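Hello,

Here is the structure to be handed over. My notes on its pockets and disulfides follow below.

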Amino acid sequence: MRWVLIITLAHGGTAQENITDDGFFFGQSPPVYPSPFMPGSPSWAAAYSKAQALVSQMTLEEKSNITVGWNPSTGCSGETGSVPRLNWPGLCLSDAGNGVRSTDFVNSWPSGLHVGASWNAELAFQRASHMGNEFRTKGVHVALGPVVGPLGRVYEGGRNWEGFSNDPYLCGVLAAKTVSGVQGAGVTTSVKHYIGNEQELNRLPSGNVSSISANIDDKTMHELYLWPFADAVRAGAGSIMCSYNRINNSFGCQNSKTLNGLLKAELGFEGFVVSDWFAQRRYLNASTGSGLVSAEAGLDVVMPFSPSWGPAVENLTVAIQNGSLAASRVTDMATRLVASWYQMSQDTGFPDKGAGMPKDFTIPYQPVDARDPSSREVLLQGAIEGHVLVKNTNHALPLKKPRLLSIFGYDAVAPPVMNVPKTGEASVPWRLGGEPQLGNSPLWLQGAAYAPNGTMIRGGGSGANAPAYISAPFDAIRERAYIDRTSIFYDITSGNPAVATASDACFVFINAWASEGADRPGLRDDFSDGLVLNVASKCPNTIVVIHNAGPRLVDQWIDNPNVTALVFAHLPGQDSGRALAQILYGDLSPSGKLPYTVAKNESDYNTLSPSTPKGKYQLFPQSNFSEGEYIDYRYFDQVNITPRFEFGYGLTYTTFSYSNLEIELLPEVSNSYFPPASPITEGGIASLWDVIARVQATVTNTGDYEAAEVVQLYIGIPGGPKKQLRGFNKFGIPVGGSVKASFDLLRRDLSQWSVVEQSWVLQQGQYQVFIGSSSRELPLQGSLTI
């Protein structure tokens, strides 16, 4: 039963005055107490033992002190309290999931969405490993990422670009690889934002209006939104960041069901839960608050400070002394935090907090160069592989030493300014990725449709990273023009430029902006579409490149015969132009695939826009996830809508054939209805991760270009969506060569969540098996019977 039905039944659906007291909602999110203690499973046993020994020496005030943030003395986003008496330094926490923010001598890595478009799990790991080394060198103990929430339910969501994909399987695999890579470098990942944080509108309370409530039923929670978090926990994530929004009308950082029940009990989470900045909430009808609700609900650390916890207000210590809060809860909070420090081996040889990360760059400081020369190849390859070619008629690409190129569009060149703030300036676009919106402030955090003042290499907000340089498309093409003796005309300002008729090709560079703080005003804009149409009316070989921070509609011009090629270039990071040039000139074939669906019209999406306050819920906005798990391609399949470009779609410069489908149910492995009895390990009950089936297929490069293919496996689970992604792998295949793709299917991959039985269950019946190059190009089909 969906949550929205429960509300209707409980309150009759009759017109009522505005609800003014959040007591109206109490109990809608089931209470789960007490907060589970840190399990101390085998992989964490040594760290747990060391943490217990250290925390046992702390006074109650010292334990309380390290559960809250303090004003950083460096450029760290936040710092925990410390215990100098015991030589425990406290931790530096810093943004973000796509690289170190707001400092110098680091790299701007491809953003999460770009990694998702690469469909390359190994490359995601390499990116994370190198990125983690940069965090460590800068003295950052906790990297605030990766992002798996928002998942991407709302297509206009302002922060979707920080995450990997709106498919939970693809998102989960890449998140797990990111956790492993960053933590392998000795830096804790804080996977965020937990959970249901799917829109920017009303994410924070404002005046007397509360945060949006993501109303998610139990089945949808498990099968969609919790799924990638489980993958991250399985990979050993040392921290989870709870979100601003409410879940079933209980704030994310004091929701005992999601924190105690799902995360710490069901998923066996070992690390600490940290609040998003200022996300520790009080009920709106309370003039004061002790913070006990969030402590009991499972919150372990508050950032950037707390009006309720810590020695300055003494609420935790007083609560323990008067019996309102168990002393063991504060001990567990401190133990989880300190254990993450030991788990990442940060107790030996770790740099000083925020090394080379000053608050003010105009005052002399000691620079720390965190870049490693070995990162250059990974940076470039990551930038290349997230480009997705979706149209290429008349072999428009790759270019073949053109005599004359014409280049148009505001996104072709680097922003005019990329600089640190002046003394006393709290923020500049550089700190939050707003350079291409320079001059449009405050629009760069106010939901602008596009960024008119330069190329986009990442989106805006706290997820932005700090580029060492920006390789813009124009720069890279100009260098190739020098080599090939190509002439170039260009106009990056006009919406209706003149076009030389001798142009071999005309490039149009546009973008689609998104940022934390506001949702996108739409999935297209008139100026950019008009620019494409104007150029195409004068140039029979118009090639469009879009740097997009999410899905971007193109039906205003995609069928125009003069538009011969389209590249979704996403957010490649600092090597943007260099990477694009390698694709345009055929040094490498494009190999990216869409990690979302591009519709023909806005109306084709069932979850296009953020929810707004309505009816009696004006003060307590509600977002009912009544579509359940039917978002993106699941929904398009359900209602039989043909997309413009489907999930998983992307062209290369060659062709591939698929053959020899093999499906095997493994012998001597239980396929019982319930998971076999086994302990709770990181990620959930251990037997969920048993391999119970294997699927294989042969893929052959039948064209004349060496290229990589992303082989995709989809499963149709009885009673569920027509198909769900349950495997993918990327193979580089030479001309005429073949590879055998093999996929292990876990019990988890074939199970559904039973609300009645409160368990994952494996049904008897026939499971449809599909293999191909996208969610709709699936030449190999078969079935698996359980």
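**Pockets and disulfides**

Helix 6 gives the largest share of the lining of the second largest pocket, 6 residues. Helices and strands here are DSSP runs numbered from the N terminus (helices H or I, at least four residues; strands E, at least two). The model is predicted, so local features need pLDDT of at least 70 and side-chain atom pairs pLDDT 80 or more, while totals for chains, interfaces and linings use all residues. Residues are numbered from 1 along each chain as its sequence is written, and side-chain values use heavy atoms, without hydrogens and water.

A pocket is an open set of points on a 1 Å grid over the protein atoms alone, where a 1.4 Å probe fits, with protein on both sides within 12 Å along at least five of seven lines; lining residues have an atom within 4 Å of a point. The second largest pocket holds about 610 Å³ and has 26 lining residues, with A121, Y169, V173, K177 and F728 nearest its centre.

The largest pocket has a volume of about 720 Å³. Among the residues closest to its centre is C76.

C76 also forms a disulfide (cysteine sulfur atoms within 2.5 Å) with C92, at 2.1 Å from S to S. C76 is in the loop between strand 1 and strand 2 and C92 is in strand 3, so the bond ties together parts 16 residues apart in sequence. C76 is buried (under 20% relative accessible area), at 6%, and C92 is buried at 0%.

The structure has 3 disulfides. Another joins C506 to C539.

Regards

How values were computed
Grid points are joined across faces, edges and corners, and a volume is the space filled by probe spheres set on the points. Buried means under 20% relative accessible area, exposed over 50%, partly exposed in between (1.4 Å probe, protein chains only).
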